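User: Hi! I have a structure open and would like to walk through it with you. Could you take a look?

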Amino acid sequence: MNLFDVYPLNDIEIVKASGSTVWDANGQEYLDLYGGHAVISIGHTHPHYVKRLTDQLNKVGFYSNSVKIPLQVELAEILGKVSGKTDYQLFLCNSGAEANENALKLASFYNGRKKIIAFKGAFHGRTSLAVAATDNPKIVAPVNETDNVVFLPFNDEQALKDAFADFGNYISAVIIEGIQGVGGIREASVGFLQLIRALCNQYNAVYIADSVQCGYGRTGTFYSHDYAGVCADVYTMAKGMGNGFPVAGISIAHKFKPWHYMLGTTFGGNHLACAAALAVLEIMEQDNLMKNAEEIGSYLITELKKIEEIKEVRGRGLMIGIDLPEELSQVKKNLLFKQHIFTGEAKPNVIRLLPALNLKKEQADHFLENFKIALKG
Ligand SMILES: Cc1ncc(COP(=O)(O)O)c(C=O)c1O
């Protein structure tokens with residue numbers, strides 16, 4: 001049997017990892033500023049994480065949502081506290097797409113409506129509603145096509161006002177990333193998020209903050225949308241939540257009332273997933289990782305802005321986009337194969353930095369030195 005060949009692969013096998021360092025099968029060491037796509041939040045193989053998961057596995061790894069799982073309650077309590085949303089409710093699932101899918105369903109259950117506002121450049125996942133709200137026709141199958149999703153230009157306040165004026169009473173939800181990741185590290189403006197909040201209030205639509213990539217402390221606040229000073233109705237989260245263990249969730253405002261079987265999943269919130277998520281939050285709190293993400297991120301952004309070959313540096317905290325001119329499109333490959341540094345990318349020519357939140361200053365400096373070398377070819 002062959003693998004279904006959907007991923008273009010780098011010819012590298014990672015066999016060992018620790019913190020922000022990984023090693024390949026030939027013993028070559030790499031600095032990991034990609035974090036396996038913003039997933040590694042507290043560093044690879046963190047000892048507390050490994051111990052908490054191992055201890056849990058030795059007790060009970062999985063049981064379904066047909067029994068009490070106190071670890072879920074513990075997770076909800078800590079998550080509410082760390083995210084500053086103690087009066088929200090937690091639904092646990094397994095991936096970012098599933099989180100967004102459930103958030104969009106929840107909105108529709110809540111107000112009985114069907115229209116969704118999403119934005120140009122958005123990526124919300126690959127399940128049917130999430131992909132329908134994703135601005136990439138290449139990954140939308142015919143069966144996912146729907147008139148229920150309307151795409152508006154990102155950060156365009158007038159277009160948003162016009163849409164609500166035209167069909168506001170049909171709008172179920174507005175879904176937006178605080179910082180578009182796949183879209184090239186583009187931040188939603190404070191005014192735009194505040195306008196979404198105001199219009200959703202006025203029309204009883206649901207404001208969904210997709211925090212799958214930009215959330216979980218990466219930008220220095222728990223949800224990057226928080227910079228706007230207004231709350232969303234639903235926050236979706238995944239990548240950094242389990243430091244590599246598949247776990248996701250939605251944080252749901254008090255006004256949404258659940259009923260049995262309204263949402264559900266077999267694997268979501270299992271014992272191991274909760275142990276992983278708890279270990280992440282414990283380390284985030286203990287080591288003050290949101291502050292570190294903010295500080296090291298600001299340092300990197302300031303230093304990168306001094307490099308004249310770069311067209312633009314965007315982002316916040318440890319979610320950084322380095323927009324390069326086309327003639328420097330080789331830099332990402334150079335970084336990986338010559339300087340041995342993993343980074344992410346966004347089309348056409350943006351290098352994405354999405355490292356663990358405990359990246360050290362020396363590692364940031366190592367990157368800056370090597371980035372300047374990579375620019376030269
Ligand atoms: C903003 C955003 N939302 C949703 C998703 C989908 O997450 P998953 O791949 O876990 O389904 C992603 C994945 O890259 C993402 O970046």
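User: Where is Leu-324 found?
Analyst: Leu-324 sits in the loop between strand 14 (319-323) and helix 10 (331-337). Helices (H or I, at least four residues) and strands (E, at least two) are DSSP runs, numbered from the N terminus. Residues are numbered from 1 along each chain as its sequence is written. Keep in mind that this is a predicted model: local features need pLDDT of at least 70, side-chain atom pairs count only at pLDDT 80 or more, and totals for chains, interfaces and linings use all residues.

User: Thanks! Is Leu-324 buried or exposed?
Analyst: Leu-324 is buried, because 20 other C-beta atoms lie within 10 Å. A residue is buried if 20 or more other C-beta atoms lie within 10 Å of its own, exposed if 12 or fewer, and partly exposed in between, with C-beta atoms placed from the backbone.

User: And what does Leu-324 touch?
Analyst: Leaving out residues up to four places away in sequence, Leu-324 touches Ile-310, Lys-311, Ser-329, Val-331, Asn-349 and Ile-351. Contact here means that the two C-beta atoms, placed from the backbone, lie within 7 Å. Also, the C-alpha atoms of Leu-324 and Pro-348 are separated by 9.0 Å, and these residues are 24 apart along the chain.

User: Let's switch to helix 2. Which of its residues are buried?
Analyst: In helix 2 (residues 47-59), the buried ones are Tyr-49, Arg-52, Leu-53 and Gln-56. Seen down the axis of helix 2, they fall within an arc of 95°, so they line one face of the helix. That arc is taken from the directions from the helix axis to the C-beta atoms.

User: What do those buried residues pack against?
Analyst: They pack against helix 8 (271-286). On the other side of helix 2, Pro-47, Val-50, Lys-51, Thr-54, Asp-55 and Asn-58 are exposed.

User: Now the ligand. Which residues come nearest?
Analyst: Of the 14 residues around the ligand, Gly-96, Ala-97, Gly-125, Val-212 and Gln-213 come nearest. A residue counts as near if its C-beta atom, placed from the backbone, lies within 6 Å of the molecule or strand in question.

User: Which helix gives the largest share of that shell?
Analyst: That's helix 4 (residues 96-111), with three residues.

User: Last one: how many helices and strands does the protein have?
Analyst: The protein has eleven helices and 17 strands. As for burial, 49% of the 377 residues are buried. The C-alpha atoms fill a box of roughly 55 × 55 × 45 Å, taken along the principal axes.

Key. The expected span of a helix is 1.5 Å times one less than its number of residues.
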